[in-house]
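Please have the viewer open while I talk.

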Amino acid sequence: MSNSIEIKTEKLSKNFGNIHALVDLDLEVLRGSTFGFLGPNGAGKTTTVRILSGLLRPTSGNATVCGYDIHTQRNEIKADTGLLPEAPGLYSKLSAVEFLEFIGALNDLSGEILHKRIDKLMSLMGLENRQNDLLESFSSGMKQKVLVASTLIHEPELVFLDEPTSRLDPSASALVKELILIMAKETETTFFICTHMTDFAEDVCNIIGILNEGVLTTLGSPEDIIQRVGVHDLEEAYLKIVGGEVDKSRLLSWRD
Amino acid sequence: MPSKWFAIAKAEFFVQTSRLRRWRKASSILLLGFGIVWALWIVPTIMPGILSSFGSGVELLLQGTFPSLMRSVMLFLWILVLIYPISYALQEIRIGQWEIMLSNNVSTRSMMFGFFLGKVPSYGLFVLFIAPVLLTPFTIALNVSLVGQAIMYLTVFFVALSTLFLSTLITTAIQAKLGESSRGNDIAKALSMVVAIAVLVPMYGLMYFADALSSVLGMDVFLLFPFTWGADIISWAIILFNGLGISSSAFLAILKLDALTDLLILSVFTGFVVLIALRAADRIFSFGAGPRTEKIVTILGENVLLRKIRGLFPGPFGVMVVTSIKEFSRKMQNVSRLVYGMVLAILLPVILSVSMQSFPENPPEGVRDLIVMIVSLMLGMVLAMISGATFGGIGFLESRDQLWIIKSAPGGVRKFAKARLVESLFLAVLIVFIPAIAVALVFQFGIIEFAAILAYTYWTTVGAVLISIGITANNPTYEDQRSAAFMLNTFATIFIVMIILIFSLFAGFTMMMTFQSLPLILIVSSTPMVAMGIVLYLVGIARMSRADTV
């Protein structure tokens, strides 16, 4: 992890009518770091990713991503970043190889270099035997693996992963985890990961931000956060911070 | 405690009327009230005026041939009530909802009955509005008494209900067979287009060949069809309760069975369908393929055409064009829609050709040009609208999530839309070529006339595709054919295409009087659409490329 800043936001806000999805976000993410963005459903994580990847305009505030301004240099940002969206938008009538070829072409890749990367990524994901089957017959975990491959195929400098392991089984999840760690270490790729999975974030991320109702309430390393809150692990810290602790006395009250 | 079938019927009704959810009760009562006024007062009041405007010939025709005409009318109604619900329901496979019901210990019979009952209010209203329009000409021309009219309407409602039950049974069986999977959904949507072709035949039959259709339907073989039994019961009601003293003797050649036998057969048939539905419900609801059990399609290699296209456009753009062609042409719903358009495009000129049988062998100068022009316009309009709605509408983007992926690439939308456009222009050649050859053969056109039709139709289709992509890019609908955005886009595309074609047609006619040139009129009547299409396309893509604000 170097000291150069990959993402810098200043008072970044987004409103959808009366709903404040993101409120005055001030954040710095260093190059080569793995940043985990935690928060409950509807906290504003996906909105933040969409703004930073140039897909959504903020209501106010500024940000630079890979040194480019999010207001004026969206195409440059897109060229240097990769995005794994929350929901899989795959083409059901293309095979895995054809889909990756399409994504490569969108990023101006073609020919031998593209096909070599596709072959290697398919093999890495354990999909080489199914790579020519139409995606309509893939399970959700297999689709997610194809999407992870599509996010990495143009070797982005910064990767946004929105819930990368939500549809994966434990072994595939471990694969993605190791892939992130090795890419961050060996190639200085920066990862910005939105997730609900606190154990995954604790294992993979060196910096964690917790977002609640659009406001960044906590920022620090997992160990730092655990220590500050005075608990044993990140899940407990998260529940204390966002207020998701369970009132056991009410659990069966609905039967009355 | 309400019955389970009633809860399902209520949910079905709520889904169908979800757009009116705030005024559901009020609008239902209002529509029913208006339907009754429509049936009992409005139609009987205005129909005599409409009939008299056609002269006494129509009344004489109705009086002389009502049994066979009634079979045409009932065939039309039967197909609408049978096919439309099937076509509509196939646009969305609902196995997920079945799983919820079955897991809540609902019997398959309750499900079947609930689905049927849920459709009754909407289709009942449909029949309430359409039946008076179809039956009143007969009741006026034959002076049918109130008792006779009551029997006629009751028969129509009974036939409609039994047909609706049959269509529920067929729809459920097809949905279960296809299963809830991407492939199943695609096949279902394709089937919904194929069955829609079945509606065209009686519709065109009634519009252009009412006489011929009636005499065909008068044949004994049609005694095997349920719509015939219903139609014959109505005809018997007319015979028994008419005020003109018409007796059955003149119609016994068609009405082979008496009224009671028709009623008995219709009742037995309906009972038989209900019995099958109840006995087979368990088997029908044991659905087939799911996402992980369906047939796996493996891609083996690329054909010559795709390899040539790759050669024509080397680099990333060629990859995107080829990928677009593969993705579009592998979807059965796209293919079936285009086939539907081609069938329609060929059918219209063929009907024109049949209706011009009496035309002299060597028509006067100018008439042949006029025929070429009319055929070109027919072909152009149909293919432009179908191609526009298919290439630019449902075939443009599959989902919003796909749009996020495309937008996350630098200049992604522009590259994607360009590839989609080139793909559409390639495939449109085929879509235009086949109907053009067909009409050239039907009308025995020469090579110059064929080339003129081909050029005009293709150029018009290009314009419509550009317009449609532009409109869809402004307001993406994805593959949701039930959304308000889809309806709006389809309506806007058809409206713009029609308006431009009509205006440029007038301009072309004006020029033809001066220049007497067929190619000129064809160019004039198609180029404005391409120009408008380019503008809409550029605006649409620019808007779609922008970072979202909401």
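Chain B contains 19 helices and zero strands, where helices (H or I, at least four residues) and strands (E, at least two) are DSSP runs numbered from the N terminus. This is a predicted model, in which local features need pLDDT of at least 70 and side-chain atom pairs count only at pLDDT 80 or more, while totals for chains, interfaces and linings use all residues. Residues are numbered from 1 along each chain as its sequence is written, and chains are lettered from A and ligands numbered from 1 in the order in which they are written.

Staying with chain B, 42% of its 550 residues count as buried; a residue is buried if 20 or more other C-beta atoms lie within 10 Å of its own, exposed if 12 or fewer, and partly exposed in between, with C-beta atoms placed from the backbone. Of the contacts in chain B with a separation of 6 or more, 86% are made by residues 24 or more positions apart, a contact being two residues whose C-beta atoms, placed from the backbone, lie within 7 Å.

Turning to chain A, there is an open sheet of four strands in the order 2-1-4-5, with antiparallel pairing, and two strands pair if DSSP finds at least two bridges between them. Strand 2 (19–30) and strand 5 (68–69) of chain A are at the edges with a single partner strand each, so one side of each has no neighbour in the sheet. Strand 1 (residues 5–16) of chain A pairs with strand 2 of chain A in the antiparallel sense over eight bridges, and A:Ile5 stands opposite A:Leu30 in strand 2 of chain A.

How many residues does each chain bring to the contact? Chain A gives 35 residues and chain B gives 37 residues. On the side of chain A that touches chain B, the largest share, five residues, comes from helix 3 of chain A.

Finally, a word on backbone angles: most residues other than glycine have a negative phi. A:Glu163, although not a glycine, has a positive phi of about 55°; A:Glu163 lies in the loop between strand 7 (158–162) and helix 6 (170–186) of chain A, and is partly exposed, with 19 other C-beta atoms within 10 Å. B:Asn105, also not a glycine, has a positive phi of about 60° and lies in the loop between helix 4 (95–103) and helix 5 (108–141) of chain B, where B:Asn105 is exposed, with 8 other C-beta atoms within 10 Å.
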